[in-house]
Amino acid sequence: MFILLIVPNHFWFLGFLFDPHYLVNNAVANMICTLVFGHRFEYGDIHFHQMLKCSEEIFKVPATFWGRLYNQYPAIMDFLPGGHQLAFSSLDKIKKFIGEEVKRHKDDRNPSDPRDYIDCYLHEIEKQKDEGAGFTEENLLYCVVDLFGAGTETTSNSLRWAILYMAKYPEIQEKVQTEIDQMIGQNRQPSMDDRARMHFTNAVIHEVQRFGNIVPIAPPRMSNRDTTISGYKVPKGMMVVPVLKYILRDKDEYATPDKFNPEHFLDENGNFLKKENFIPFSIGKRMCPGEQLARMELFLFFTSMLQRFTFRVPEGEDPSLESLIGITCGPKPFKIYAVSRI
Ligand code: HEM
């Protein structure tokens, strides 16, 4: 877990404001690093921070002017300078960083005792080298880039939205903390077994994902035959872009779609209400492979943070709920107080 500023309860106004962005990013990225590289990175590791910054740039650039221009005219823009080149230089830096990890793994791995994703992939490369199954070192680099980016930006943005919503809606934060105090208390860490009994907290996490709209548009697909969807003809070979935002803000499904309201996921008895069309991880064959890990991370990080801290915005401030647009959408930079509850 990460360390937040501790300010005595009655003197929170004397504490320091801080931006939780990189603390959260670092903590979440370390989950992926543990699975993929077999180790984590310290919070003060400058080199690792640079990698996180690069990953963030890759997610931000496509929504910028330069990113859009590149998507329209890639053949020309490839040769021109501009903001879009930042995505490529960032990708190169991440690939170099991961390449070094792969080299270290090749040097000291024991094929009969794989330690992590890279060891398992190297084993597969060896096993399938004559079969042309696509297990190559180049593909390993891209798979790790994918896991690193997709597994960090999404979960980190969700948790930063969660912190911001709790600071903005203190009455909801207080209800979550009351449930944490009743179901977990202060003497042990939260565990996944707690989730089923914590209806309100679970509803709040679902509402964070719905309202935060972290991946508004899923990656494009191509139709493999002529078809008709809701009366619209979709010919074979057409690019189809699923807009998840419309489903998560469906006014037939949610009473107040444009308001942060955990009641959307509670029944009349206050029990958690599962919704079939709640699809922040998308659906179908290409849906997010990290869903289970992400759900665990969201629950454990969120409850651990609120077990120990109350988040507050500075007196008289009303933080903006506007998104920073990119492949994933997070809140605009904000500063908060984390007041110790212990
Ligand atoms: C709150 C957290 C997360 C959200 C909201 C989320 C959402 C999504 C969405 C909407 C997609 C697109 C699926 C599609 O094409 O239909 C996706 C893809 C993906 N996600 Fe996640 N994700 C999250 C966390 C994670 C984590 C923790 C990992 C890593 C373990 C991960 C790995 C991936 C990968 C590798 C893909 C690309 C799959 C492909 O190539 O088709 N995601 N995610």
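Me: At what angle do helix α1 (residues 21-36) and α11 pack?
Reply: This is a predicted model in which local features need pLDDT of at least 70 and side-chain atom pairs count only at pLDDT 80 or more, while totals for chains, interfaces and linings use all residues. Residues are numbered from 1 along each chain as its sequence is written, and side-chain values use heavy atoms, with hydrogens and water left out. Helices are DSSP runs of H or I with at least four residues, strands are runs of E with at least two, and both are numbered from the N terminus. With axes fitted as lines to C-alpha atoms, for helices over the stretch in contact, and angles running from 0 to 180 degrees between N-to-C directions, the axes of α1 and α11 lie 12 Å apart and the angle is about 135°.

Me: Why is α1 described as oblique to α11?
Reply: Angles under 35 degrees count as roughly parallel, over 145 as roughly antiparallel, 65 to 115 as roughly perpendicular and the rest as oblique. The angle between α1 and α11 is about 135°. That value makes α1, relative to α11, oblique.

Me: Which residues of α11 make the contact with α1?
Reply: Contact means heavy atoms within 4.5 Å. From α1 the contributors are Ala-27, Val-28, Met-31, Ile-32 and Leu-35, and from α11 they are Leu-293, Glu-297 and Phe-301.

Me: How is helix α8 (residues 170-183) oriented against α11?
Reply: The axes of α8 and α11 are 9 Å apart, and the packing angle is about 95°. That makes the orientation of α8 to α11 roughly perpendicular.

Me: Which residues in α11 does α8 meet?
Reply: On the α8 side, the residues are Gln-173, Val-176, Gln-177 and Ile-180. Their partners in α11 are Phe-302, Thr-303, Leu-306 and Gln-307.

Me: Which residue is the protein donor of the iron atom of the ligand, and where does that residue lie?
Reply: Donors are N, O and S atoms within 2.8 Å of the metal (3.2 Å for Na, K and Ca), and water is not among the atoms, so sites may look incomplete. The only protein donor of the iron is an SG atom at 2.3 Å, belonging to Cys-288. Cys-288 lies in the loop between α10 (244-248) and α11 (291-308).

Me: How many helices and strands does the protein have, and what does the C-alpha trace span?
Reply: The secondary structure comes to 11 helices and 8 strands. Along its principal axes, the C-alpha trace spans about 65 × 60 × 40 Å.
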